[in-house]
Amino acid sequence: MRIGSAREGQKKLVSHKFIYPMALRTFFCISTQLPYLQINTPKNSLSLPFSKSSFLNTNTSKPFSSTKRTLNLAILSLIISGSLPNFQNSILAIELDQFQRYTDSKEAFTLLRPSSYVMVDKAGATVFFADVNKETNNIGVVVNPVRLTSLAEFGTPQFVADKLIQAEKRKESTKDAEVIGVGERSGHGGLQIYEFEYKVDSTRGGIKRIFSAAFVASNKLYLLNISHSDTPLDTPTRTMLQNVLHSFDIYTPHPIP
């Protein structure tokens with residue numbers, strides 16, 4: 001069941017054309033005119049040993065805030081990373097407070113969205129959420145058919161990250177782009193999921209922090225993009241965005257007994 005539909009009375013933001021990160025779309029060669037992905041699989045590519053923990057802030061030099069928001073985000077990070085596998089009831093309580101789960105049963109994916117983000121209709125996006133306080137902070141998912149059966153057929157996470165940054169730098173509006181982190185994790189049923197974090201300085205919108213995730217299932221490419229103004233990010237905001245990133249997964253309905 002979809003949560004947070006704009007048709008259910010939630011505040012609808014001023015519509016603006018949704019352009020999924022062009023570098024990512026160009027790199028994967030996705031368009032309505034090209035229903036299948038055309039690729040050249042690299043024969044020799046190296047993967048750096050990054051993991052999901054690469055995206056978690058492990059700096060303990062700053063005093064820990066005891067606010068409810070920070071505590072909830074910290075607990076949720078541990079649950080998602082598997083450090084607290086027995087806290088299933090806690091994650092449900094935190095979802096109701098800080099996040100809401102969005103599940104698309106038709107396209108078969110699920111993720112958490114911050115409670116302050118609402119659904120907005122955007123051309124080209126399977127689903128799109130924007131922050132009610134600043135609509136340029138947004139979360140988008142695009143699903144497209146491909147001929148791949150897994151991301152490994154395309155290349156390693158580092159190979160994809162390198163191509164992604166190269167595509168960003170070729171854009172006229174880009175002043176600078178750099179990779180912050182590259183990771184790979186296992187989703188539901190051992191699904192291979194790539195994760196990327198990078199920063200883009202553009203003449204259109206200034207400095208943005210981008211968190212992206214991708215996986216292939218049932219010959220479909222699933223792309224998640226989280227865009228947020230980098231001012232820079234404070235720890236609670238960064239943790240919130242990472243939790244959304246790590247929650248992106250394939251959706252498999254439970255069989256009816």
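This briefing walks through the fold, the sheet, the packing and a few backbone details of the structure above. The model is a predicted one. Its protein chain holds 5 helices and 10 strands, and buried residues account for 48% of its 257 residues.

**The chain as a whole**

- An open sheet is built from 7 strands, and reading across it gives the order 3-4-5-9-8-7-6.
- The pairing in this sheet is antiparallel.

- Strand 6 pairs with strand 7 (residues 192–202) in the antiparallel sense, over 11 bridges.
- Two places to look at this pairing are Ser186, which stands opposite Gln192 in strand 7, and Gly183, which stands opposite Glu195 in strand 7.
- Strand 6 and strand 7 form a hairpin with 5 residues between them; in the turn, Gly189 has a positive phi of about 70°.

**Helix 4 on the sheet**

- Helix 4 (residues 157–169) packs on the sheet and touches both strand 6 and strand 7.
- The direction of helix 4 makes about 160° with that of strand 6.
- With 13 residues at 1.5 Å a residue, helix 4 should span 18 Å; its end C-alpha atoms are 19 Å apart, so the two values agree.
- The buried residues of helix 4 include Phe159, Val160, Leu164 and Ile165, and Gln158 and Glu168 are also on that list.

**The nonpolar cores**

- The largest nonpolar core has 29 residues; Phe109, Phe215, Tyr222, Leu224 and Phe248 touch the most other members.
- Elements that each supply at least two residues of this core include strand 1 (99–104), strand 2 (109–114), strand 5 (138–145), strand 8 (206–217), strand 9 (220–229) and helix 5 (235–247).
- Another core, of 14 residues, lies apart from the largest one; among its members are Val146, Leu148, Val160 and Ala214.
- Val160 is also one of the buried residues of helix 4.
- In soluble globular proteins, nonpolar side chains tend to be buried together.

**The loop between strands 8 and 9**

- Ser218 has its place in the loop between strand 8 and strand 9, and Asn219 lies in that loop too.
- Although Ser218 is not a glycine, it has a positive phi of about 55°.
- Asn219 is not a glycine either, and it has a positive phi of about 55°.
- Ser218 has 67% relative accessibility, so it counts as exposed, since the cut-off for exposed is over 50%.
- Asn219, at 38% relative accessibility, counts as partly exposed.

Notes:
Residues are numbered from 1 along each chain as its sequence is written. This is a predicted model: local features need pLDDT of at least 70, side-chain atom pairs count only at pLDDT 80 or more; totals for chains, interfaces and linings use all residues. Side-chain values use heavy atoms; hydrogens and water are left out. A nonpolar core is a set of buried Ala, Val, Leu, Ile, Met, Phe, Trp, Tyr and Cys residues joined through side-chain atoms within 4.5 Å. Buried means under 20% relative accessible area, exposed over 50%, partly exposed in between (1.4 Å probe, protein chains only). Helices (H or I, at least four residues) and strands (E, at least two) are DSSP runs, numbered from the N terminus. Two strands pair if DSSP finds at least two bridges between them. Contact means heavy atoms within 4.5 Å. Axes are lines fitted to C-alpha atoms, for helices over the stretch in contact, and angles run from 0 to 180 degrees between N-to-C directions. The expected span of a helix is 1.5 Å times one less than its number of residues.
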